[in-house]
Amino acid sequence: MDLYMMNCELLATCSALGYLEGDIYHKEPDCLESVKDLIRYLKYEDETRDVRQQLGAAQILQGDLLPILIQHRQDKPLFDAVIRLMVNLTQPALLCFGKVPQDPSFRHHFLQVLSYLQAYKEAFANEKTFGVLSETLYELLQLGWEERQEEDNLLIERILLLVRNILHVPADPDQEKNVDDEASVHDRLLWALHLSGLDDLLLFLASSAAEQQWSLHVLEIISLMFRDQNPEQLAVVGQARSAREQGADVAELEVLRQRETAEKKSRALQRSSRHSRFGGSYVIQGLKSIGDRDVVFHKSLHNFQTYSPDVGKDARYVPRRRQLAQEPTLQRRSALNVRLFLRDFCSEFLENCYNRLMGLVKDHLLREKAQQHDETYYLWALAFFMTFNRASNFRPGLVSETLSVRTFHFIEQNLTNYYEMMLTDRKEAVSWGRRMHLALKAYQELLATVNKMDTHADEAVRESSRIIKNNVFYIMEYRELFLTLFRKFDETRQPRSYLCDLVETTHLFLKMLERFCRNRGNLMVQNKRRRKKKKKRARTQAPASAGNVPHHPEEMEAMWPALAEQLKHCAQNSELLLDSVVPFDAASEVPVEEQRTEAMVRIQDSLLAGQAPEALTLLRSAREVWPEGDIFGSPEFSLEEEIELLRQIFSAPLPRQQEPEEQGGGEEEEGEEEEEEEEELQAVQVLEKEFNFLDYLRRFACSAVVKAYVLLLQNYQKNSAHTNHCVVKMLHRLAHDLKMEALLFQISLFSLFNRLFSDPAAGAYKELVTFARYVLAKFFALTEVNRKAFVELLFWKNTAVVREMTEGYGSLDAESSNRKPPKWNPEEEKQLRELYLAYKDVEGEDVIDAILTHLNTTTRSRKQVINHLVRLGLADSIKDFQRQRKGINLVLWTEEQELELQRLFEEFQGSDDVLGNIMKNITAKRSRARIVEKLLSLGLVADRRELHKKRRRKPVAPSLLDGTDSLKDPDQEDLEEDSEEDEEGPGAEAAQGTEGHIPHSLRQILQEEDFSGPVLWLQNCLIRIADDREEDGCTQAVPLVPLTEENEDAMENPDFQKLLRKLGLRPPASEQESFWRVPAKLKPVQLRRAAASLGQAGPEPQSADHPEQGPSMEKLAPVPGSPVVARKRKIDLESAEREAVKKPQKLQLLDSDGEQEKDESENKDLTDSDPGSPEPLRFHKRRRFLIEDEDD
C-alpha cells in the first residue's frame, strides 16, 4: 500500500508526530495528542484492519515510534502512550481477525498485516530498544508495593505484552532461508534481549514472591523464546559429541551414500549401449485403453517400469475436509552463541524458578484465574524443561513440582477434554488436535522422567518412582488412554508427528508396565465395569401399572368407600410407623422434584392396591420431607382432611413410568427394539482385579491400532530409528506374543515389505527386514492350509476373523453372541398356535410359561415367543403378557370371592377355629390379615377377637404355685393371636416377644450370672420410655445406651440378649446402628408390663428361714429396691379396686365360677394384710395386668 493512499486525517495525524533528522528525532508540540488520536483510530477500524495496514505501509513504528521510545524516555506521558500504541500495533494477526480467514479477500488482508508484523519484528532486533525497555522495567520493579501506583503496574504489564507480541511474530519462510547455525531474525531478537539484561529480569519475575501476578506473562514469554529449540540438543550444546551420536551420523551418511549409488546404477542401466533413432511403440497386452483396444506404449522399454496411466493427467482435487493435517513448524538449530545463552537460561530457570512458577501457574489454572487456553503454556513448559533436565544432569528435585500423580491426572483430564472437543467442535478440530499433541508430549515426558528415575543412584528416588508407577498403573483411565487415542486417530486433524509421538509414548508405557509386572508377583489394578440396565421411557398421563387396577373413573369411585373405611379404621386402631417408609433418597441421582412426584405415584399405587395403611403412612412421611407448599397436606390436618386429600390423589392422573418387562433368557429377535422403545442406562461398577499383561495387550489387537502403525511405517525412510523400532516392537508383540500373525496379513503392509526389500539401503533397517520375513513366512505357511488367505489380504481384520482364518471358517458359529435366532418353521408355528389357544383361558397360570414348558424346542426364549405371537396376530401387543408382580393380582376382591368368603364364614361360624378353617378352604389363597380385614369390611364380624381360636380355660392355681408359667387370660391370648395375624406388618415380632413370658430356665441363668444391676437398669429404662410416650405421644424407636461397664457387658451377653428379644426389643438393624432399641410399635402399657415381668425375673437371695425352698412366691416378687415396689404399690391397690367396681364382669374372666368366691376372699385378706409382704403384692400385680389388658 502506497503512502498517497493513506486517509488524509490519518496522514495529518502521523505528520504531527515529528520528524527524524539524522539520528535525532524532533517531536512536534502535538505529539502526545497525535499518539492518542492514532490509538483512537485503531479502536474504530473496520473488519479489514485498514488503519493498521495504512500505518504499517507508512512504517510509522520504524520511523517514528521507535525513535520516540529511545530518545524521549524522560517524557513519561508520551512514553506511556507510545508503549500503549505499540502494544496495539504489534498484537498478533490471529487476534485481529479471530482466525485465519477462508475468504480470499480477507485472507489477503490477513497476510498483509502479517507481513507488517514481520517487519516490526526485524525493527525490534535492536539492543537500544530492548535496553530502554529493560531499564524502564528495572526501575519499576525497584519500587515497593506501597510506592507503586496503578499506572506503574499498567506500564509493567504493557512492556511484558509488547515483548510477548514481538516474540510471537512467526518467521517468514520465503525470506529467511537460513541453514542451521546461522542467525535468524528471531535469534537476533533473542541476542538483543540478552544483551539488554531483560532475561535476568524475567528470571527475577519468575522467582520473586512479590511479583506473582506476572507469572503467566513470564511463562508465555519464555515459551516464545524457546519456540524453535530442541531441549535435548540444547542440553548438550558446547559439549563433545559422544560416540553414539557420531555413530548415528555415520549410519545416516552411509544410508544416503547407498541410495545415491543405487540411483547411479539404475540410470546407467537405462542408457542404451547403441543409439536408436526410433523410440519404438509397444502394445501392453491385458491393459485396456479408453476403447476396447490394448494400450499402446510409445517409449523405450526401460521406461516401462515407471509407466502409470495417471501420467499427464491433472492432479485430483482433494476437498478441504479430507486434506491431511499440516505438520508444525520444523525445529532449527540457532547460532551457537544464542544456544549457549539459552542453555544457561534454562539451567538458572530450573535451579531457581521452575518449581515455584509452575506451582503458581497451576494454581491460577485450577482457580480459573487464567485466560482461555493458557494451560497450553503450562503443558509446553512441563515437557520442555523436564526434557532438558533429563538430557543434562538429571536431578529430580529440580522438577519435583510437576513430578507427581496429580500432574498425571491434570494432563489426562486436559488430553481427554481436547479429544472430546476435537470430535464435537468440527470447525476448530485442527486447533484442538494441536493442543492434544501438546498434552501428549507432556504426558510422554512425564513417563520418560519416571522411567529415568528407576536408574538413579539414590534409593529414595527409585522408591518414589515405584510409588508413582504403582498409582498410575492402578488407575484404569491411564491404561485405557492410549487405546482411545489410537482408535480415534484422524490424519485429517492430527499430523504424522502426533502419531509418531503417540507410538513412542505407547511403546514407553508398555515397556514400563511389562517390567513393573515382571518384577512383582501380582499386580492389583482398578477395573470399571459398565452394567447396562434397560428402562422404559417415561410417558406422561400413563395409567396405573398394575395389571388388574381399574382404569375407568366409575370403577375407581366404586372402590373409594371401602378405602375410606379402611383409612378411618387404621387411623383409629393402629400406630403408623413413619420411619418404616422413606419417600426420599438423598443419595439418589434422581432430582428432588422427580422423587416428590414418585412419592405421589406410590401413594396412588397403594390406594389402587387396597393398601390404605401404607398410603396413609406414605402421605405423612412425605409431609415431613416436603413440608413447603402443603403439597402433602399440613401437619394440622384432621383425619377427614387427610382422607379427602388421599381421595384427590387417588383420582388424579399422575405421570408414570412403565414397569420394565422381565427379561427372558436367550437372544432378542429383530424388530424388538421398535416395539419396546427402551433406553440403556449404564451403571459404572468399580472393582479390583489381578492384572494380566497379555490380556491388556490383546486390547491393542484391533484393526484401528494396526492401521495407525502401518500408516506410520509407510514413512520408514523419514522416521527416526527409534520410531521404527517402536513400530516393529508393537507389531511383533501382536504377531509373536499374542500369536495373531494373521492380523498383519494386509495388502498395504505387504506392499510396504516389497518396497523395503527393493530399497538399496535395506541393510540399515535390519530389524524391520527380519520382521517382514517372519510375517511373510507365516502367511505362506497359512496359504498351504487356507487358500482363501489371498483374498483376506484385501481386508483389515479383527480377532474373530483371525481365528477363523487360522482355525477354520465357521468355528465361531457355535460361540457367536450376535447371531440371529433361528426362524420359526411351519410345524413350530402350528404348535405355538395350538398351545396358545389351549392355555390362554386357564386361570392361575401364565400362558407363556405353559407354552415354554410344552414347546418341543428348548432354544426359544420368553421374548421370542411373545414377539412371534404378536407377529402371528394372536396378541395385540407384548404388553398383554407382562408378568404380574407377586401379590398384585390378589389385592382386590372380586364379587365371586366375596360370596365365597361369606359362605365359608357362615359354614364355620360355630367352629373353634373359624379363621383357620376359612384359610384352608378358600380358593384364592390370601394372608390371615387380608381375610380378617375383608371380614371386618363386609360387616360379618364386629371385632377381630371373634375370629380368634377358642381354647379351654386352664386352672390358675397350679401355675401360680409352681411359677413355671406366666399368667394368661383370654385377653392375653387375643393379643397373641393379633400379633400372629399381622404377619406382614412391621413390629410383629416385637409384639409377640413382649406378650410372651420369661421362661424358668432363662430366669435361673439370670440368677446364676447375677444380672441384678443390668436388669434393674433395663427396668428403669422401660418405665422411663413408657412415661415419655404417654406424655409426648412420641412413637420413635429409642436406643438403650449402657453407660456403665457392667451394663455394657450384660448387653453383649447372649443370655441377656435372649431376655431382650423376649421383651420385644430390637437388635441393631445395620452397621450404622450400635445399640439395641425399643421399637416404636411398643405402647406404654406393653412397656410397663415388660418392666413388671423384669421385676419377677430379677434374682433375689433366698430367705434364711427356708434355705431349701424351690421356686416359691418370693422369687416372683419384684427386685428389692425396685421402683415398682415403691411407685406402683399404692397405684395397684387403687386401680384394682376402681376397675373391680367399674368392670366386674371382666374380672370374672380370670377364674372359674367355683374359684370366684375364693378370689374375693383373698382380695379381702389382701387389703387387711401388711402392704410390705410379697405374697399379696403378687396377686395385686396379677390383677393389674388383667385390668391393663382390658384397657388395651
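This note goes through the predicted model point by point, from the overall make-up of the chain to single residues.

1. Basis of the note. The model is predicted, so that local features need pLDDT of at least 70 and side-chain atom pairs count only at pLDDT 80 or more, while totals for chains, interfaces and linings use all residues. Residues are numbered from 1 along each chain as its sequence is written, and side-chain values use heavy atoms, with hydrogens and water left out.

2. Overall make-up. The protein chain holds 52 helices and 10 strands, where helices (H or I, at least four residues) and strands (E, at least two) are DSSP runs numbered from the N terminus. Of its 1192 residues, 43% count as buried; buried means under 20% relative accessible area, exposed over 50%, and partly exposed in between, with a 1.4 Å probe and protein chains only. The accessible surface comes to about 66,200 Å², and 49% of that belongs to carbon and sulfur atoms; the areas come from the Shrake-Rupley method with a 1.4 Å probe, and for residues only the protein chains shown count as cover. Among contacts in the chain with a separation of 6 or more, 73% are between residues 24 or more positions apart, a contact being heavy atoms within 4.5 Å.

3. Cysteines. A search of the whole structure for disulfides finds zero, a disulfide being a pair of cysteine sulfur atoms within 2.5 Å.

4. Nonpolar cores. The largest nonpolar core has 195 residues, and those with the most contacts inside it are M225, F226, F385 and F700; such a core is a set of buried Ala, Val, Leu, Ile, Met, Phe, Trp, Tyr and Cys residues joined through side-chain atoms within 4.5 Å. Not counting residues up to four places away in sequence, F226 touches L234, L342, F345, C346, W380 and F384. A second, separate core of 27 residues includes L567, V601, I649 and L654.

5. Helix α10. In this helix (residues 185–195) the buried residues are V185, H186, D187, L189, L190, A192 and L193. Their cover includes α7 (104–124), α8 (127–142), α9 (150–168), α11 (198–207), α12 (215–225) and α15 (336–352). After α10 comes G197, which has a positive phi near 85 degrees.

6. Helix α36. Here (residues 847–854) the buried residues are V847, I848, A850 and I851. Seen down the axis of α36, these buried residues fall within an arc of 160 degrees, so they line one face of the helix; the arc is that of the directions from the helix axis to the C-beta atoms. The elements covering them include α35 (826–839) and α37 (862–871).

7. L508. This leucine sits in helix α22 (residues 496–519) and counts as buried at 12% relative accessibility. Leaving aside neighbours within four places in sequence, L508 is in contact with Q444, L447, A448 and N451. Although L508 and L447 are 61 residues apart along the chain, their C-alpha atoms are separated by 7.4 Å.

8. Strand β1 (residues 18–21) and strand β2 (residues 24–27) run antiparallel and are joined by four bridges, and two strands pair if DSSP finds at least two bridges between them. Y19 stands opposite H26 in β2, and E21 has I24 as its bridge partner in that strand. Two residues lie between the strands of this hairpin, and G22 takes a positive phi near 70 degrees.

9. Q59 has a positive phi of about 55 degrees although it is not a glycine; Q59 is found in the loop between α3 (50–57) and α4 (60–71) and is partly exposed, with a relative accessible area of 47%. H373, another residue other than glycine, has a positive phi near 70 degrees. H373 lies in the loop between α16 (354–366) and α17 (375–391), and it is partly exposed, with a relative accessible area of 21%.
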